Amino acid sequence: MTAIFVLIVLVIAAAAAWYYYRGRHMGTFAQAFGTTPSIPEAKPQGAIPMLKMPTAMGWKAGEKPGVAPGLKVTPFALNLKHPRWAYVLPNGDVLVAESAGIPGTPKNVRDYAMNRVMSRAGATRPSANQITLLRDADGDGVPELREVFMSGLNQPFGMVLIGETLYVGNTDAVVAFPYETGQTKITAPGRKLMDMKPGGHWTRNLIASADGSKIYVAIGSLSNIADDGMEAEQGRAAIYELDLVTGQNRPFATGLRNPVGMAWQPQTGELWTVVNERDGLGDETPPDYLTSVKDGGFYGWPFCYWGQTVDDRVPQDAALVASALQPDYALGGHTASLGLCWLPENTLPGLPAGMVIGQHGSWNRSKLSGYKVILVPFADGKPSGTGIDILGGFLATDEKTSHGRPVGVAVAKDGALLAVDDVGDAVWRVSAA
């Protein structure tokens with residue numbers, strides 16, 4: 001009876017703390033955005049940080065996101081099972097990874113509150129563990145064929161085709177499968193190439209080198225700021241390089257709390273990524289970011305952020321802090337920028353060349369951020385200017401509910417932009433109006 005009473009008290013305390021923190025503002029600040037962002041001073045929020053998440057409601061029949069002038073948005077696929085990522089095959093077929101996060105066992109009141117918030121927001125649910133194939137053979141923007149392409153996977157996310165091999169990033173391994181152009185299902189067993197630790201930030205994105213000899217693998221941290229110690233974070237918070245010739249892998253860049261989307265900048269040949277930064281220091285502190293990825297580069301996590309700004313909550317390593325690189329472009333605090341793809345100039349009418357970013361949206365700040373798809377223009381191989389909104393309307397104006405949350409983005413063979421929406425269970429297609 002005593003244990004039950006204690007549990008009830010803890011639940012009530014968690015609910016009360018959540019209600020208090022969801023409305024507590026850490027000051028009103030302009031969004032930390034661009035190459036020289038104004039980042040507010042850190043204000044640690046304590047054991048229970050800000051928790052505020054809209055309730056997932058999805059889209060009613062006929063509803064769709066808002067779109068930039070001169071463009072139109074139409075559903076490419078609906079009623080999917082928590083789609084997360086899209087990959088366009090050379091023949092135009094679109095692969096969509098359907099998977100979801102699995103809530104961990106709560107260790108404290110904060111964990112319990114987070115699990116409740118994430119469940120209500122549609123962020124955790126049974127994982128379909130499959131990849132669906134969509135084929136629009138007649139080019140009318142509506143797939144005539146929809147098949148379960150692969151099943152029985154383990155929280156699949158990234159996909160990349162090199163030659164006649166399709167590589168899939170499961171949460172615990174990079175796995176290779178034989179592929180023939182035009183096939184609509186893979187049933188052959190996979191070949192494991194690289195083991196990874198599951199849990200925590202569970203997505204594993206993949207991108208191939210230009211010559212197809214290597215795959216880069218994005219692996220997020222286990223925790224917010226190495227809460228369980230650095231040993232538990234070994235092999236994480238990094239982008240790894242997997243050599244397909246030797247079978248060996250190595251850390252390519254480290255100190256990246258949760259790198260997800262990756263893309264090549266065609267003029268410079270540089271690898272770029274978007275990274276979700278740490279929680280619990282304020283609405284805009286620190287910002288998520290878009291950055292080029294240097295071989296051997298260290299980007300600060302968990303010791304510091306935005307270059308060498310020290311996080312006093314973490315036992316320090318002065319040598320690593322001194323080596324930390326500053327990211328190229330801030331994307332606003334806690335926007336959860338996940339999707340990333342390169343958009344050539346005028347692929348969509350009126351839009352410059354740049355990086356398209358799917359901003360999944362915040363859950364941990366007093367005024368919500370993200371919940372849209374944006375374009376960061378580039379000039380001379382670097383970000384230039386302010387972001388341009390492409391898709392919006394995912395979040396209700398009162399911030400209480402959300403129709404959807406953008407994740408992966410990809411350019412289809414016909415030049416349309418595809419945006420994956422996991423809460424809306426949809427893939428949206430953006431094209432000329």
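## A buried glutamate in a loop

The side chain of Glu284 extends to the backbone nitrogen of Ala32, at 2.8 Å. In this predicted model, the side chain of Glu284 also reaches the backbone nitrogen of Gly333, again at 2.8 Å. Glu284 belongs to the loop that lies between β18 (270-275) and β19 (287-292). Its relative accessibility is 2%, and because buried means under 20%, Glu284 counts as buried.

## Overall composition

The protein chain holds three helices and 31 strands. Of its 433 residues, 57% count as buried. Among contacts in the chain with a separation of 6 or more, 61% are made by residues 24 or more positions apart.

## Nonpolar cores

The largest nonpolar core has 38 residues, and the members that touch the most others are Ile131, Phe149, Met150, Leu166 and Val217. Strand β11 (residues 173-178) gives this core its largest share, five residues. Another core, of 25 residues, lies apart from the largest one and includes Ile390, Leu391, Ala419 and Val430.

The surroundings of Ile131 can be described residue by residue. With neighbours within four places in sequence set aside, Ile131 is in contact with Leu95, Val96, Ala97 and Glu98, with Glu147, Val148, Phe149 and Met150, and with Leu153, Pro156, Met159 and Val168.

Strand β10 (residues 165-169) has five of its five residues buried, so the strand is largely enclosed by the rest of the structure. In a regular strand the side chains alternate between the two faces of the sheet. In β10, Thr165, Tyr167 and Gly169 point one way, while Leu166 and Val168 point the other way, and all are buried.

On one side of the pairing scheme, strand β9 (residues 159-162) is joined to β10 by four bridges, and the two run antiparallel. Within this pair, Met159 stands opposite Val168; both residues are also among the contacts of Ile131. The hairpin formed by β9 and β10 has two residues between the strands, and Gly163 in the turn has a positive phi of about 65 degrees. β10 is also antiparallel to β11, with five bridges joining them. Thr165 has Pro178 of β11 as its bridge partner, and the hairpin from β10 to β11 passes through three residues.

## Strand β25 and its partners

Strand β25 (residues 372-379) is mostly covered, with six of its eight residues buried. It pairs with strand β24 (residues 354-359) in the antiparallel sense over six bridges, and Val356 stands opposite Leu375 of β25.

Three bridges join β25 to strand β27 (residues 388-392), also in antiparallel fashion; here Ile374 has Asp389 as its bridge partner. Strand β26 (residues 382-383) runs antiparallel to β25 and is joined to it by two bridges, with Phe378 partnered by Pro383. Two residues separate β25 and β26 in their hairpin, where Asp380 takes a positive phi near 55 degrees.

## The second largest pocket

The second largest pocket has a volume of about 490 Å³. Its lining comprises 20 residues, and those nearest its centre are Ile207, Met262, Ala263, Leu340 and Cys341. Several strands contribute to this lining: β5 (83-88), β9, β13 (204-208), β17 (259-265), β23 (337-343) and β29 (406-411) each supply at least two residues. Of these strands, β9 is the one described above as an antiparallel partner of β10.

How values were computed: Residues are numbered from 1 along each chain as its sequence is written. This is a predicted model: local features need pLDDT of at least 70, side-chain atom pairs count only at pLDDT 80 or more; totals for chains, interfaces and linings use all residues. Side-chain values use heavy atoms; hydrogens and water are left out. A nonpolar core is a set of buried Ala, Val, Leu, Ile, Met, Phe, Trp, Tyr and Cys residues joined through side-chain atoms within 4.5 Å. Buried means under 20% relative accessible area, exposed over 50%, partly exposed in between (1.4 Å probe, protein chains only). Contact means heavy atoms within 4.5 Å. Two strands pair if DSSP finds at least two bridges between them. A polar contact is a pair of N or O atoms within 3.5 Å; within protein, one must be able to donate a hydrogen and the other to accept it, and residues adjacent in sequence count only if both atoms are side-chain atoms. On a 1 Å grid over the protein atoms alone, a cavity is a set of points where a 1.4 Å probe fits but cannot get out, and a pocket is an open set with protein on both sides within 12 Å along at least five of seven lines; lining residues have an atom within 4 Å of a point. Grid points are joined across faces, edges and corners, and a volume is the space filled by probe spheres set on the points.
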